[in-house]
Structures are given as C-alpha cells and as structure tokens.
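I am opening these notes for a reader who meets this structure for the first time. Each entry records what I looked up and what I found.

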Amino acid sequence: MLVGKIFSRPEKFSIYYRKTLREIELLGLNSLGIVALVSVFIGAVITMQTAYNIENPFIPRYMVGLTARDTMLLEFASTMIALILAGKVGSSISSEIGTMRVTEQIDALEIMGVNSAGYLILPKIIANVFFFPILTILSMVIGVIGGWMVCILLNVITPEDYISGIRYAFIPYYIFYSCVKMMIYAFIISTVPAYHGYYVEGGSLEVGKASTRSVVYCSILILSVDVIITQLLLS
Amino acid sequence: MIEVKDIVMSFGNKTVLDHISAVFARGKTNLIIGRSGSGKTVLLKSIVGLLQVTQGEILFDNIVFNKLDFYGQKEIRRQIGMIFQGSALFDSMNVEQNVMFPLDMFSDMDLQGKRERVNFCLNRVNLENVNHLSPAELSGGMKKRVAIARAISLNPKYLLCDEPNSGLDPQTSIVIDNLIKEITEEYNMTTIINTHDMNSVLEIGEKVTYIHEGHIEWEGTKDDILHSQNQHLDNFVFASGMGRKIKSIM
C-alpha cells in the first residue's frame with residue numbers, strides 16, 4: 001500500500017524535481033567524505049593482507065594488485081559501502097520521517113492534499129538509486145588508490161607490481177555488476193527506513209527504536225540480496 | 001458548512017465516538033470542548049479523513065467526504081486549512097517556505113506573486129520580518145501565527161484547529177483566538193476549534209459542542225454555558241475552586 005502511494009502521480013513535477021536535487025545533496029553528496037575515508041582504508045588493508053598472505057614464489061607479486069582490485073570492485077565498493085550507508089543514510093531517513101510523523105508534519109501534508117508518502121519518499125529513492133552507484137565507482141577508485149598508497153608508504157609490494165596487477169585481466173562487467181547491486185541496495189536503504197519512519201507511533205523513543213530497527217533490517221536485506229544477485233549475475 | 005451524521009469510531013472493542021451528529025455552520029467559530037480523552041481530537045481527525053470512521057457520514061457542503069476516493073478526498077482537502085496542536089511547521093523550511101508551500105504545490109502563481117501572498121498572510125497574523133527564520137527560532141505564539149498564515153494561504157473554505165492555544169500563555173491565547181475569529185468572519189470560513197481552554201470558549205465560542213465519553217452531551221453558545229444545568233458540563237467548566245465559587249454566586 002505504501003509503495004502504491006509512493007509511486008502515484010506527483011502533484012507537481014517541478015517540486016519533486018527540486019526536492020530530488022536537495023536529497024542528492026543531503027543523502028549523496030554529504031556521504032562523499034565517509035565513503036572516501038572508508039574506501040581508502042579498505043583498499044589499503046586488503047592490499048596489505050593479500051600481500052602478507054601470498055608469500056609464495058610460484059604466485060607472481062602483481063596478483064596482490066589484481067586481488068585488491070577485484071575484491072574492491074566485486075564486493076567492498078558495493079556491499080561494504082551499502083552497509084555503511086544503511087547506517088548513515090538509513091537512520092537519517094527513518095528518524096527524519098519518524099519525527100515528521102510524531103510532530104504531525106505528515107498529517108499537515110495530508111490535510112493540504114499532498115501525497116505525503118510520494119512527496120517525502122520518492123525523491124529519496126530517486127536520489128539514492130541515481131547517486132549511490134556514483135559513490136560505488138568513487139569507492140572503487142579510492143580503494144585502489146589506498147592500496148597503491150600502502151605500496152609506496154609501507155613497501156608491501158613494489159608500486160610497479162601493484163599497478164601491473166591493477167591492469168591485469170580487467171573485466172569491465174564487474175563494474176556493471178557492482179553498480180546494479182548498489183542500485184538495488186539503494187532502493188532498500190531508501191524504502192525500508194522510510195517505511196519504519198512513516199508508520200512510527202508514539203514519541204522520540206519510538207523514533208529512535210524505528211531508526212535502529214530499520215538499520216538492522218536494511219543490513220540483513222542487503223546481505224541476503226547480495227547472495228541472490230551474485231548468483232544471478234555472476235554464475 | 002460541515003456536517004457529521006451518526007458517526008461511530010471504534011478502536012478494537014473500544015468505542016471512542018458514539019453516534020455523533022452535529023452541524024458546524026459557515027462564518028462561525030464552532031468549538032468542540034471536552035475532557036482529555038473524550039474524543040475531541042479523534043472527531044477532528046475523522047472529519048478531515050486522517051482517521052476512517054467505522055460508521056456514519058461526514059459532509060463538506062453536502063458532499064459526502066468519507067465516501068469519496070483518494071483523489072476526491074484530496075480535492076476537498078485542498079480547501080481545508082488546519083492548525084495543529086504543535087503547529088506542525090516543516091522543520092526543514094524557513095517561515096517563508098512554510099507559508100509558500102501550499103502555493104508552490106497547488107497554485108500557478110509566479111515567485112513574485114507567491115512572495116506577495118506570503119507577506120500578506122504573515123502581515124494578517126501580525127508577523128513581520130520573520131520570513132527567513134526557521135521554526136526552531138520562533139516562540140510558541142509565533143509558531144501558531146505562522147501555522148495560521150500557512151493555513152489561510154490558499155484561501156480555504158474550512159479551517160480546523162486542534163487545540164490552537166496549547167502551551168501558550170493566557171494573553172497570547174486570547175490574541176490567537178481573536179485572530180482565528182476575525183479570519184473566520186473575514187473569509188466566511190467554516191471553522192471548527194478543538195479546545196479545553198475555557199478562556200477560548202468564553203471569548204469566541206459562537207457555537208459550543210461539549211463531548212463527554214464519546215457522545216455529544218451538550219450544545220449551545222458561550223452565554224448558554226454559564227446557565228447550563230448539565231452536571232457533566234458544569235463539572236468541566238467550573239472545575240477549579242474559583243470556578244465553583246463563581247457558579248455559586250450566579
């Protein structure tokens with residue numbers, strides 16, 4: 001029923017368009033910092049751990065770069081970032097909409113004749129589904145740079161070996177696969193917290209509980225969907 | 001005119017509104033009074049369709065509102081202005097954006113026209129130079145005034161107020177009451193006010209409906225209240241020691 005209300009015809013497209021741009025700024029652009037920070041450290045740690053665990057003369061050193069790249073592309077830039085965004089963006093969506101519910105702001109929208117579910121949730125879905133794949137690509141790039149930095153700073157392998165590995169057997173489909181996954185995660189991160197916030201009853205305590213619950217459900221759903229999508233797209 | 005016919009509202013086994021029928025006339029301040037938990041807010045929310053009644057009809061100028069589909073109800077709602085207990089201003093918008101929001105959504109006015117209308121509405125509620133303040137920067141009374149300005153921005157036919165004086169000092173309450181009354185007469189609106197503030201009742205209660213345990217116990221004007229023989233109404237109106245003394249003198 002909520003999904004039906006979300007996707008019903010907007011009252012005025014220009015208002016929804018402006019709100020979508022604002023949501024891109026609030027939910028997407030404001031997440032650039034955390035995504036960049038997490039990605040650089042993940043890239044660095046993956047590279048270090050791979051290098052320390054592949055101490056075999058039969059395995060070429062450039063395999064460290066290849067492993068770091070594919071791990072970032074296939075899993076970390078999408079699923080790990082999605083879990084972080086579920087915490088940051090998901091709880092923000094849930095608490096924002098939940099607070100609007102308990103302070104009667106949603107009732108005020110309904111009384112005005114505004115489809116509150118559509119007005120509040122649809123721009124968030126569009127913004128996240130559009131912008132989160134960009135964050136994924138950014139995470140891939142920064143993660144790979146993070147690995148390269150530890151090669152320079154800690155000399156775990158030579159930067160030349162790392163760059164060779166990064167370039168070796170590159171499969172562009174992995175980027176597509178990761179972006180598709182992230183679009184589905186973005187839908188989950190937008191709708192599940194919105195649902196919990198929209199139907200919250202009570203006061204600030206319940207808003208907090210709804211926010212926590214939404215992050216937990218989002219995380220479980222993201223990991224479950226990860227298995228399904230991987231089977232569908234990579235098998 | 002708003003009319004409710006034989007409304008029943010139940011939550012599970014609990015009946016909150018029990019066969020309520022009333023007519024709220026245009027151009028008058030219609031007050032619904034009653035103790036906390038008597039069903040006032042449920043009645044008001046049922047009238048605007050935020051709660052679905054179990055039985056009965058709600059008519060806005062003879063159109064059966066609760067039988068309309070989603071889009072039909074939306075059309076009627078655009079003619080309703082509502083003031084909520086906590087003002088319900090949008091936190092993410094400043095005062096100007098709050099008052100402009102209904103105009104943005106439902107009018108084809110250009111930006112200049114909308115700004116003029118916003119300033120007119122804010123002036124009408126005696127607010128100036130607050131356009132760029134956020135709701136968090138306003139006092140309780142100012143929030144109510146902004147809520148009134150937002151409610152009248154689209155020239156509504158109906159104005160519904162849920163405890164508009166809640167949390168305000170007596171003087172500010174009177175100012176808000178008189179403002180609502182003036183606006184009601186000026187725009188010939190059908191106004192329903194939910195309150196348990198006796199000052200409001202005696203100040204602007206042109207028609208007063210007293211609800212007790214989910215049913216209408218008494219109806220009359222503010223002047224009739226003072227001479228009412230209804231025990232429940234007396235207990236409500238003259239609840240304080242001072243009130244009982246006044247009643248004994250009368």
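Predicted model: local features only at pLDDT ≥ 70, side-chain atom pairs only at ≥ 80, totals over all residues.

Entry on helix α4 of chain B. I looked up the face of α4(B) turned away from its buried side, and there I found the exposed residues B:Gln112, B:Gly113, B:Glu116 and B:Asn123. The buried residues of this helix are B:Arg117, B:Val118, B:Cys121 and B:Leu122. Why do I put them on the same side of α4(B)? Because they cover an arc of only 135 degrees around the axis. I then checked what these buried residues pack against, and noted α3 (95–106) and α5 of chain B. The helix itself spans residues 111–124, and its 14 residues reach 20 Å from the first C-alpha to the last, close to the 20 Å expected at 1.5 Å a residue. After α4(B) comes B:Asn126, for which I noted a positive phi, near 60 degrees.

Entry on the sheet of chain B. I followed an open sheet of 6 strands with mixed pairing, in the order β6-β7-β8-β3-β9-β10. Its edge strands are β6 (80–83) and β10 (215–220), each of which pairs on one side only. Neighbouring strands are turned by 20 degrees against each other on average, direction ignored. Helix α5 (residues 140–152) of chain B packs on this sheet, where it touches β6 and β7 (158–162), and its direction makes about 170 degrees with that of β6(B). Looking at one pair of strands, I found that β3 (residues 29–33) and β8 (residues 190–195) of chain B run parallel and are joined by 5 bridges; B:Thr29 has B:Thr191 as its bridge partner in β8(B).

Entry on B:Glu206. I located this residue in the loop between α7 (198–204) and β9 (207–212) of chain B. I count B:Glu206 as partly exposed because it has 16 C-beta neighbours inside 10 Å. Leaving aside residues up to four places away in sequence, it touches B:Lys28, B:Thr29 and B:Thr221. From B:Lys28 it is 178 residues away in sequence, yet 6.3 Å away in space, C-alpha to C-alpha.

Entry on the contact between the chains. I noted 13 residues from chain A and 14 residues from chain B. On the side of chain A that touches chain B, helix α5 (residues 105–112) of chain A gives the most, with 6 residues. That side divides into 5 nonpolar, 3 polar and 5 charged residues.

Key
Residues numbered from 1 in each chain as written. Chains lettered and ligands numbered in written order. Contact = placed C-beta atoms within 7 Å. Helix = DSSP H or I, 4+ residues; strand = E, 2+ residues; numbered from the N terminus. Nonpolar A, V, L, I, M, F, W, Y, C, P; charged D, E, K, R; others polar. Pairing = 2+ DSSP bridges. Axes fitted to C-alpha atoms, helices over the stretch in contact; angles between N-to-C directions. Buried ≥ 20, exposed ≤ 12 C-beta atoms within 10 Å, placed from the backbone. Expected span 1.5 Å × (residues − 1). Arc of directions from axis to C-beta.
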